[in-house]
Every structure is written in structure tokens, then in C-alpha cells.
Amino acid sequence: MIFTPESIEAILAGRKTVTRRPAVDWKRCYNRVGHTYPVQPGRGQKAVGRIHILRTDPESFVGESVVERCRSLPVDLLMWTREGEDEGFGTWHEFKREWLRLHPKDVYQDGMICAPCWRIEFELVEEASRDEN
């Protein structure tokens with residue numbers, strides 16, 4: 001999977017455990033639960049680690065799964081803060097700003113990014129040794 005340099009740094013430091021990818025196909029997520037994938041700074045570039053996919057959730061808009069969890073909890077602000085941190089950012093607002101920078105054609109309306117995506121939860125299982133780089 002391709003990540004920005006900032007995201008790679010957060011993954012390797014253990015601060016990023018969730019990524020969202022635009023939904024190309026609603027029938028299935030291209031990243032499958034139980035599989036591992038290389039963490040790469042660009043297509044065809046050497047992997048800096050591997051991640052293991054733990055869970056995938058479709059979202060009809062960015063953040064939908066958090067909204068659903070917040071409906072049953074009185075701690076919605078904590079949920080949004082935690083989700084921003086899981087994405088490797090200090091806050092959800094910082095994550096939204098980065099999403100819109102990477103996907104400028106997505107529409108921002110009523111505090112939400114109106115773009116279908118897959119929420120992918122993962123864990124780092126292997127970091128490339130410095131000797132390999």
C-alpha cells in the first residue's frame with residue numbers, strides 16, 4: 001500500500017493504525033482482512049515495512065463508521081479524537097484537512113467529506129531493516 005512520507009513515519013512509530021481509501025468497488029475492499037501488504041512510499045518503490053489487515057469497513061462518507069459508534073456513546077468527542085489519532089494525526093480535523101489535500105475533488109458539506117471510502121484497520125508486523133535500504 002502506498003502512503004505519504006508522514007504516514008509512513010506514523011506507521012513505523014506505531015501512531016497510525018487506520019487508513020481510508022476511496023471506494024472504487026463497493027462489492028469488496030481490495031485490501032483483505034488477514035492478508036499482509038507492503039508499506040511503500042510510491043508505486044514500485046522498496047517497502048519500508050508490512051502491515052496486517054485487521055478489519056475493513058465501508059463508509060458512504062468519510063467518517064461514517066465513527067458517526068455510527070458515536071450514536072450509542074456519550075463520548076463522541078473522544079471517539080473523533082481517537083479516530084484522528086488512529087489515522088496518525090493529532091485530531092480528526094487535521095486528518096480531514098489532509099484527506100481534502102490528497103483528494104481535492106471530494107465535496108465537503110455540513111462538516112463531512114462526501115466521498116465513499118473503505119476504513120482499513122491494520123497493525124505493523126514487520127519493519128524493513130536499515131541494512132536493506
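**Before you start**

The model is predicted: local features need pLDDT of at least 70, side-chain atom pairs count only at pLDDT 80 or more, and totals for chains, interfaces and linings use all residues. Residues are numbered from 1 along each chain as its sequence is written, and side-chain values use heavy atoms, with hydrogens and water left out.

**Stop 1: the whole chain**

Show the chain as a cartoon. It has four helices and six strands. Here helices (H or I, at least four residues) and strands (E, at least two) are DSSP runs, numbered from the N terminus. Follow the chain from the N terminus and the order of elements is α-β-β-β-α-α-α-β-β-β.

Now colour by accessibility. Of the 133 residues in the chain, 38% are buried. Buried means under 20% relative accessible area, exposed means over 50%, and partly exposed lies in between (1.4 Å probe, protein chains only). Contact means heavy atoms within 4.5 Å. Among contacts between residues at least 6 apart in sequence, 67% join residues at least 24 apart.

**Stop 2: Phe3**

Select Phe3, in the segment before helix H1 (5–12). Is Phe3 buried or exposed? Phe3 is buried, because its relative accessible area is 5%. Show what surrounds it: leaving aside neighbours within four places in sequence, Phe3 is in contact with Ile8, Ile11, Lys16, Thr19, Arg21, Val39, Gln40, Pro41 and Ile51. From Phe3 to Thr19 the C-alpha atoms are 9.2 Å apart, and the two residues are 16 apart in sequence.

**Stop 3: helix H4**

Select residues 92–102, which are helix H4, and find Glu98 there. Glu98 counts as buried because its relative accessibility is 17%. Not counting residues up to four places away in sequence, Glu98 touches Thr4 and Phe89.

Next show Phe95 and Trp99, both in helix H4 and four residues apart, about one turn of the helix. Phe95 is at 5% relative accessibility, so it counts as buried. Trp99, at 3%, also counts as buried.

How many aromatic pairs does a search of the whole structure find? It finds four. Rings of Phe, Tyr and Trp (its six-membered ring) pair if their centres lie within 6.5 Å; planes under 30 degrees apart count as stacked, over 60 as edge-to-face and the rest as tilted. The ring centres of Phe95 and Trp99 are 6.2 Å apart and the planes are at 55°, so this pair is tilted.

**Stop 4: the largest pocket**

Turn on a surface. A pocket is found on a 1 Å grid over the protein atoms alone: it is an open set of points where a 1.4 Å probe fits, with protein on both sides within 12 Å along at least five of seven lines, and lining residues have an atom within 4 Å of a point. Grid points are joined across faces, edges and corners, and a volume is the space filled by probe spheres set on the points.

The largest pocket holds about 310 Å³ of space. It is lined by 16 residues, and those closest to its centre are Thr19, Arg20, Arg21, Leu102 and His103. Strand E1 (18–22) and H4 each supply at least two residues of this lining.

**Stop 5: the second largest pocket and Tyr30**

The second largest pocket has a volume of about 170 Å³. Its lining includes Met1, Arg21, Tyr30, Tyr37 and Trp118. E1 and strand E6 (117–127) are the elements that give two or more residues to this lining.

Finish on Tyr30, in the loop between E1 and strand E2 (36–39). Tyr30 is partly exposed, because its relative accessible area is 46%. Not counting residues up to four places away in sequence, Tyr30 touches Val24, Asp25 and Tyr37.
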